[in-house]
Number of protein chains: 2
Amino acid sequence: MQILKDKIRQEGKVLSDNVLKVDSFLNHQIDPTLMKEIGEEFAERFRNSTITKILSIESSGIAPATMTGLALGVPVIFARKRKSLTLSDDLYTASVYSYTKKESNDISISKDFIHDDDTVLIIDDFLANGQAAFGLMKIVEQTGASLAGIGIVIEKGFQPGGKLIRDRGIRVESLTTIRSLQNGIVEFFEEVHAK
Amino acid sequence: MQILKDKIRQEGKVLSDNVLKVDSFLNHQIDPTLMKEIGEEFAERFRNSTITKILSIESSGIAPATMTGLALGVPVIFARKRKSLTLSDDLYTASVYSYTKKESNDISISKDFIHDDDTVLIIDDFLANGQAAFGLMKIVEQTGASLAGIGIVIEKGFQPGGKLIRDRGIRVESLTTIRSLQNGIVEFFEEVHAK
């Protein structure tokens, strides 16, 4: 997605070989017009999958997920992060390890909103080691719903998450995939879906 | 806003005389089409205020704020909640007491995104005691920006936040104002802005 690449090149801050900060349009300040285009792009790519629900995770997944839900005309559920395991019969829960924070957190959703007749599209901002994505996939599994795939705004192609998920036969659509952040420079893989 | 009132009547769950749960379209599951209409309504009400930035707070403020930013064509910044005071020169920070959780948390934004020449519209999901709104107002004060007003999706008119803020001469636009949740029934105030 060219407009997103341009934005990353212009405003992304490479903090290390692993860390790209995109606080000016995705993770802290949000560019609503760009989010709308992102949502429409995800909708376009999953148009034939008869999605009935979008699943995302607070907080940075909410804006792109909501715009995808708007474009597809379906509700969006965002998983909540919780510090510790609160056992509850009303929740689907999964544990997610954060490499950044070096701690595990639970993420959960209410059982009220995704059911076994749903077809779910997972949307998230970043895909790196895949921990959040695997957590969301575990939740979808518990609901009994079908998983249509995963839409990612920025995939770090040099980290293993994308390959691990695709190796399971799950469709991952990343709007941009970063090949490298070395020497402070953002290098992208060529896109499969030219736009 | 009639469509919002209808949605609250149909799907809101009155958990006590003080607590209304709207998890099915605002706080956990999001109705993107309704959020878009909410964003357009806020934009309409603040159209003449030459807003340059929207300020909201994670997580439930993000969807209505992003749609308001889309309608007004301006960026959205969401304040982050943090467990404890991390002093940082790069942040504007305010303390927010939660009556629900009976604890104080800090909320903060980066200094990069709101400046003294900005005109800010605060958007949040609920207004009850006003703690979150006052925290966001304190942050706007620190930035030196002008505050155009506060847009609230659901105001609990029987709690003091709205009056406290209006008494300071600040414009508060609530799309719905609840008069009472007693006996499990949602009663609304009549709207000033008929729609």
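B:N129 is buried, at a relative accessible area of 19%, where buried means under 20% relative accessible area, exposed over 50% and partly exposed in between (1.4 Å probe, protein chains only). This is a predicted model, in which local features need pLDDT of at least 70, side-chain atom pairs count only at pLDDT 80 or more, and totals for chains, interfaces and linings use all residues. Residues are numbered from 1 along each chain as its sequence is written, chains are lettered from A and ligands numbered from 1 in the order in which they are written, and side-chain values use heavy atoms, with hydrogens and water left out.

The residue B:N129 belongs to the loop between β8 (119-127) and α4 (131-143) of chain B. Helices (H or I, at least four residues) and strands (E, at least two) are DSSP runs, numbered from the N terminus. Leaving aside neighbours within four places in sequence, B:N129 is in contact with B:Y99, B:Q159, B:P160, B:G161 and B:L164; contact means heavy atoms within 4.5 Å.

**The two chains**

The same surface serves both copies, since 100% of the contact residues of chain B recur in chain A.

A:S24 touches a residue of chain B: not counting residues up to four places away in sequence, A:S24 touches A:E11, A:Q29 and B:F113. The residue A:S24 lies in the loop between β2 (20-21) and β3 (29-30) of chain A and counts as buried, at 15% relative accessibility.

**A pair of helices in chain A**

Two packed helices are described by the angle between their axes and the distance between the axes. In chain A, helix α1 (residues 2-11) and helix α2 (residues 32-45) pack at an angle of about 140 degrees, with their axes 10 Å apart. That makes α1(A) oblique to α2(A). Angles under 35 degrees count as roughly parallel, over 145 as roughly antiparallel, 65 to 115 as roughly perpendicular and the rest as oblique. Axes are lines fitted to C-alpha atoms, for helices over the stretch in contact, and angles run from 0 to 180 degrees between N-to-C directions.

The contact is made by A:I3, A:L4 and A:K7 of α1(A) and by A:L34, A:E37 and A:I38 of α2(A). These residues divide into four nonpolar, no polar and two charged. Ala, Val, Leu, Ile, Met, Phe, Trp, Tyr, Cys and Pro count as nonpolar, Asp, Glu, Lys and Arg as charged, and the others, Gly among them, as polar.

In chain B, helix α2 (residues 32-45) holds B:E40, which is partly exposed with a relative accessible area of 37%.

**Backbone features**

Most residues other than glycine have a negative phi, and most peptide bonds are trans. The table lists the exceptions described here.

| Site | Feature | Value |
|---|---|---|
| A:E58 to A:S59 | cis peptide bond | omega near -5 degrees |
| B:E58 to B:S59 | cis peptide bond | omega near -5 degrees |
| A:N183 | positive phi | near 60 degrees |
| B:N183 | positive phi | near 60 degrees |

A:S59 is in the loop between β4 (53-57) and α3 (62-72) of chain A. A:N183 lies in the loop between β10 (172-180) and β11 (187-188) of chain A and counts as exposed at 70% relative accessibility. B:N183 is also exposed, with a relative accessible area of 72%.
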